[in-house]
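Keep the picture open while you read and look things up as they come along.

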Amino acid sequence: MEAFYRTHAYLVEHLNAPVRRALMDEINWNDRLIGIKGTRGVGKTTFLLQYAKEHFGTDRACLYINLNNFYFQQVGFVNFAGQFMKRGGKVLLIDQVFKYPDWSHELRECYERFPNLHIVFTGSSVMRLKEENPELNGIVKSYNLRGFSFREFLNLNTGNHFQSFSLEQILANHEKIAKEILSKVRPLDYFQDYVHHGFYPFYLEKRNFSENLIKTMSMMIEVDILFIRQIELKYLSKIKKLLYMLAVEGPGAANISKLASEIQTSRATVMNYIKYLADARLINLIYDEGDDFPQKPAKICMHNTSQMYAIYPLKIEEQDILETFFLNTMWKDHKMNTGKKGYSYLVDGIHKFRICTSKNIKGKIVPDVIYAQHNTELGHENHIPLWLFGFLY
């Protein structure tokens, strides 16, 4: 046990967390069982340690453990939790929970046996905590940690402390909000850096970002898809090839039959692989209004713009980057559907959006369409700067 306390103290004391994530204030930390899901590389471990540092420091009432530690293959974490409580423990932070067999059963056992213990655990975005683990129904509170928003990226790089805004606030007051931001910083000066490498916190590390991201994306497939979904390793190359083909084709409607032929599998299997890639936050699926999986998506694009630059930087169109940025920042709290003639996307079944630049607005301006416009610092009426939607979280 002492070794775990020493590791915890070292990690907390040497923590480098330059951005305080907004999710920190959205979680009800009084809940006894909290799950933090997120794609690989978005900073889930840092988030746990940041919580520990803010609320406990090196107080032994809180302890971080990683279930990758071989110790837990011999000693289950139910027994460990009991030992922790006997030493005055109150909050147990569990990283990489899905690497442990019967993890959901043991979490349930901890919940029932130790009513005074609070557990916060991290897991992959692929996990369906309640749907696939009925023993956690009614007891776990689930949250999603995402990569940096454009707002968080700006705060980090400029030293500002801009707040986030809801979609309704932006639609109603975008001119006032933008003027306040513009009085302190020029967002467009940072936009290209953000879409290139700003979504993943590890861009701050002194390593080649693109190589690191490719490695991370490979791990998403190998662990978050194959391991969690129990897919045989021999199918790894097919899923990787599928992802590459989708990336190279750019945002659009996929030809499922062609993809199935290319990776030598059935259409049904391709659709399942596409769903797994979406669950792992490697791609986003956009459907026509009223449609959903297992129907064919109307449009497939990469989950974020950094992935586009990492996989195939030579074939990136500006319009594809802008639309992927918009979809990614909207994805957290809003339902996205494909649009119809005159607009790109329908948001929450109400708002019609067209993603454009100041140069490519052609034809009649439609009053009920919102123009999310790139290369524009300040909007007017139904013309809103695209960068401002990066302040949604």
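## Before we start

Keep in mind that this is a predicted model. Residue numbers start from 1 along each chain, following the sequence as written.

Let's begin with strands. In general, strands of a sheet pair through backbone hydrogen bonds, and they can do that in a parallel or an antiparallel way. Here you can find an open sheet of five strands, in the order S2-S3-S4-S1-S5, and the pairing is parallel. Strands S2 (62-66) and S5 (141-144) are the edge strands, since each of them pairs on one side only. On average, neighbouring strands in this sheet are turned by 20° against each other, ignoring direction.

Now zoom in on one pair. Strand S1 (residues 33-38) and strand S4 (residues 118-124) are joined in the parallel sense over six bridges. If you want a spot to look at, find Lys 37, which stands opposite Gly 123 in S4. There's also a helix to spot: H4 (residues 77-86) lies across S2 and strand S3 (91-95), and H4 runs at about 150° to S3.

## A well-covered strand

Next, jump along the chain to strand S11 (residues 369-374). How many of the residues of S11 are buried? Six of its six are, and the strand is mostly covered.

As a rule, side chains in a regular strand alternate between the two faces of the sheet. In S11, Val 369, Tyr 371 and Gln 373 point one way, while Ile 370, Ala 372 and His 374 point the other way. S11 has parallel partners too: six bridges join it to strand S10 (residues 351-357), and three bridges pair it with strand S12 (residues 383-385). Lys 352 stands opposite Val 369 in S11, and Gln 373 stands opposite Pro 385 in S12.

A disulfide is a covalent bond between the sulfur atoms of two cysteines.

## Rings and charges

Phe 199 and Tyr 200 are both buried. Ring pairs also link a cluster that includes Phe 150, Phe 153, Tyr 203, Trp 387 and Phe 391.

The charged end of Arg 32 sits over the ring of Tyr 111, 3.7 Å from the ring centre. Likewise, the charged end of Lys 275 sits over the ring of Phe 293, at 5.7 Å from its centre.

## A buried methionine

Where is Met 24 found? It's in the loop between helix H1 (2-13) and S1. Even in a loop, Met 24 counts as buried, because its relative accessibility is 2%.

Leaving aside neighbours within four places in sequence, Met 24 is in contact with Trp 29, Phe 47, Gln 50, Tyr 51 and Glu 54. His 374 is another story: Met 24 and His 374 are 350 residues apart in sequence and 31 Å apart in space, C-alpha to C-alpha.

Most residues other than glycine have a negative phi, and most peptide bonds are trans. Now for some exceptions. The peptide bond from Phe 293 to Pro 294 is cis, with omega near 15°. Pro 294 lies in the loop between strand S6 (283-286) and strand S7 (299-302).

Asp 348 has a positive phi, near 60°, and is found in the loop between strand S9 (345-347) and S10. Asn 375 also has a positive phi, near 60°, and is found in the loop between S11 and S12. Asp 348 is partly exposed, with a relative accessible area of 29%, and Asn 375 counts as partly exposed at 44% relative accessibility.

Conventions. Predicted model: local features only at pLDDT ≥ 70, side-chain atom pairs only at ≥ 80, totals over all residues. Heavy atoms only, no water. Pairing = 2+ DSSP bridges. Helix = DSSP H or I, 4+ residues; strand = E, 2+ residues; numbered from the N terminus. Axes fitted to C-alpha atoms, helices over the stretch in contact; angles between N-to-C directions. Contact = heavy atoms within 4.5 Å. Buried < 20%, exposed > 50% of the residue type's maximum accessible area, 1.4 Å probe, protein only. Phe/Tyr/Trp six-rings, centres within 6.5 Å; stacked < 30°, edge-to-face > 60°. Lys NZ or Arg CZ within 6 Å of the ring centre and 35° of its normal.
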